[in-house]
Amino acid sequence: MSFKKHIVIIGAGPAGVFAACGLYDRGFKNITLISRLRSQNTGGQNNGGQNTGEGISARVTEIIKHYALPHTLHSIGEEVQRFAHWNGTSQSQNREFILDREKFDQALLKDAKEKGIKIINARVTKLKKQPSRIWNIHYENAQGSSLIKADFLIEARGREAKLGSPLKQPNTPRTTALARRYSTAQDLEAMTSIASFKKGWAWFLRDGKGSAYLQIFISSEKGELPPKDKLEHYFSHIIENIPQAQKWLEGSSAAPDALTVRTASPIRRASVIGDDFLNLGDAAMALDPLSGNGIFYAIGSAVSAVPVIATLLLEKKNKQAAFDFYNERINVIFEEACRTAQEFYKSEEQWVHEPFWKARSNEPLPSSQEPAADPNLASASALAPAHTARKSVVKNGFIELEDIIVTPDHPRGVWQINNIPLVKLLELQNEKTYAPLQLAKIFSVSENDIKVAIRWLENLNMSHKNE
Ligand SMILES: Cc1cc2nc3c(=O)[nH]c(=O)nc-3n(C[C@H](O)[C@H](O)[C@H](O)COP(=O)(O)OP(=O)(O)OC[C@H]3O[C@@H](n4cnc5c(N)ncnc54)[C@H](O)[C@@H]3O)c2cc1C
């Protein structure tokens, strides 16, 4: 019955499209994806206009392969060497795949469409929940204004999300990214490079086909950025004083398109889940691009949302477990990403007294102001020794409560290894000594799988006691 419910997803970035495809594969065929195309975002919009360049790691391409999205996979650019000029040293780092975000997002939509998902190309202008709990979604496109109704709403408009207000993190410094496209010689090797400078950091992409992209991340506290019509000049002035940027741009000329302006401060939104709505990707938490992996986490949030939404629609009795699962996941990832970004900022010691670097290296790490699902959650759990707890897990495509083991390395807990529930195994071991073969029979797994799980438990050095 609930499979017939109409799910509307607003925003067709990686989060929206992966959620649409995941839900469709899960049996929810009545889905509409409504989005403005990236190419319709003029320069100055939060999520970048045309010609936005980004980089992704091999793990993102692996997920795309796994989910069999052929057009998306095909749209990904070359895997290139990434160079870093940081804290006074220059070195070649890992590799990354380059993306033209416009092409990437168009390919995502094409894959969604071929799967059978209904697509509306439009800008959503207003959301309103009726007393009947049906969502009214107003939108505009070339055909005019219209309205669509949803039983369940997914907010995936990235940083432009309207559902769920940003949690106030008073100490989080504001960052803006300014970017410009260039024409370069075609015989220059494709590459990406990152460089720190006194007032921020820069990221450069050269595609090896005559096009390059330079993006700078600078502070945008109140009054720091000049008015819109002076931004071009401001950008040129800053890059003139970045020696690496001058080198990267040797022999190139600026493309005629407008400078792209994107907000890049970390944002964690409040109330990202309810009985009939859920925020995904950047609409739930947008990370500092220095911690990288925004697309990876956007896709991850969509994949994790599928069993959550299935629970909310089909197993309502477990809805609190679904809320806790989703909130906890976001809290832990957000705090971890903020910590990672801060470590990167701290590792740059040339300008420790400059406001940009000082603010980002020393600010207290943000923490969620929402009540945690479990009082022992996240930071507290991260410090406590390994212990058992009852938490929500994904089981048979739904969210349910299970006994799990929380460790400092796994603050969200581990339920199973090789399909073996660890707390159950621990209980059996505490009862009496079983041979691995006996345990393998009890859990219907191989002896080797049991040995792996036993070794994992032995490394924790814990006996079974509930918190
Ligand atoms: C400056 C900058 C650089 C970055 N670089 C990288 C990088 O190199 N690698 C990386 O992995 N991540 C990077 N990120 C992060 C990455 O861009 C995001 O994490 C990712 O795109 C989030 O995906 P999403 O689907 O949640 O949202 P988005 O990709 O932002 O998609 C939102 C969608 O909603 C649509 N939309 C918005 N408003 C409306 C509306 N009113 N009506 C209809 N549709 C609407 C938009 O057109 C868009 O299609 C960067 C972020 C910034 C700010």
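Modeller: Two residues count as in contact if their C-beta atoms, placed from the backbone, lie within 7 Å. The model under discussion is predicted.

Colleague: Which residues of H4 do Pro 14, Val 17, Ala 20, Cys 21 and Tyr 24 in H1 meet?

Modeller: Helix H1 covers residues 14–25, and helix H4 covers residues 101–115. On the H1 side, the contact is formed by Pro 14, Val 17, Ala 20, Cys 21 and Tyr 24. Their partners in H4 are Leu 108, Leu 109, Ala 112 and Lys 115.

Colleague: How many nonpolar residues does the contact of H1 with H4 have?

Modeller: Sorted by class, the contact of H1 with H4 contains no polar residues and 1 charged residue. The nonpolar residues number 8.

Colleague: Is H1 roughly parallel or roughly antiparallel to H4?

Modeller: The axes of H1 and H4 are 10 Å apart, and the helices pack at an angle of about 15°. Angles under 35 degrees count as roughly parallel. Therefore H1 stands to H4 as roughly parallel.

Colleague: Is the crossing of H1 and H4 left-handed or right-handed?

Modeller: The pair in question is the one whose axes meet at an angle of about 15°. The crossing of H1 and H4 is left-handed.

Colleague: What distance separates the centres of domain 1 and domain 2?

Modeller: The domain assignment gives domain 1 as 2–40 + 101–165 + 266–362, and domain 2 as 378–460. Taken over C-alpha atoms, the separation of their centres is 31 Å.

Colleague: Which helix gives the largest share of the side of domain 1 that touches domain 2?

Modeller: The contact between the domains takes 16 residues from domain 1 and 11 residues from domain 2. On the domain 1 side, helix H7 (294–314) and helix H8 (319–346) each supply at least two residues. The largest share, 9 residues, comes from H8.

Colleague: How many charged residues are on the side of domain 1 that touches domain 2?

Modeller: That side of domain 1 includes 7 nonpolar and 3 polar residues. Its charged residues number 6.

Colleague: How many other C-beta atoms lie within 10 Å of Ser 444?

Modeller: Ser 444 also has a positive phi, near 55°. Its place is in the loop between helix H12 (436–443) and helix H13 (447–460). Ser 444 is exposed, and the number of other C-beta atoms within 10 Å is 9.

Note on methods. Residues are numbered from 1 along each chain as its sequence is written. This is a predicted model: local features need pLDDT of at least 70, side-chain atom pairs count only at pLDDT 80 or more; totals for chains, interfaces and linings use all residues. Domain bounds come from an automatic or database domain assignment. Helices (H or I, at least four residues) and strands (E, at least two) are DSSP runs, numbered from the N terminus. Ala, Val, Leu, Ile, Met, Phe, Trp, Tyr, Cys and Pro count as nonpolar, Asp, Glu, Lys and Arg as charged, and the others, Gly among them, as polar. Axes are lines fitted to C-alpha atoms, for helices over the stretch in contact, and angles run from 0 to 180 degrees between N-to-C directions. Angles under 35 degrees count as roughly parallel, over 145 as roughly antiparallel, 65 to 115 as roughly perpendicular and the rest as oblique. A crossing is left-handed if the near helix is turned anticlockwise from the far one by less than a right angle, and right-handed if clockwise. A residue is buried if 20 or more other C-beta atoms lie within 10 Å of its own, exposed if 12 or fewer, and partly exposed in between; C-beta atoms are placed from the backbone.
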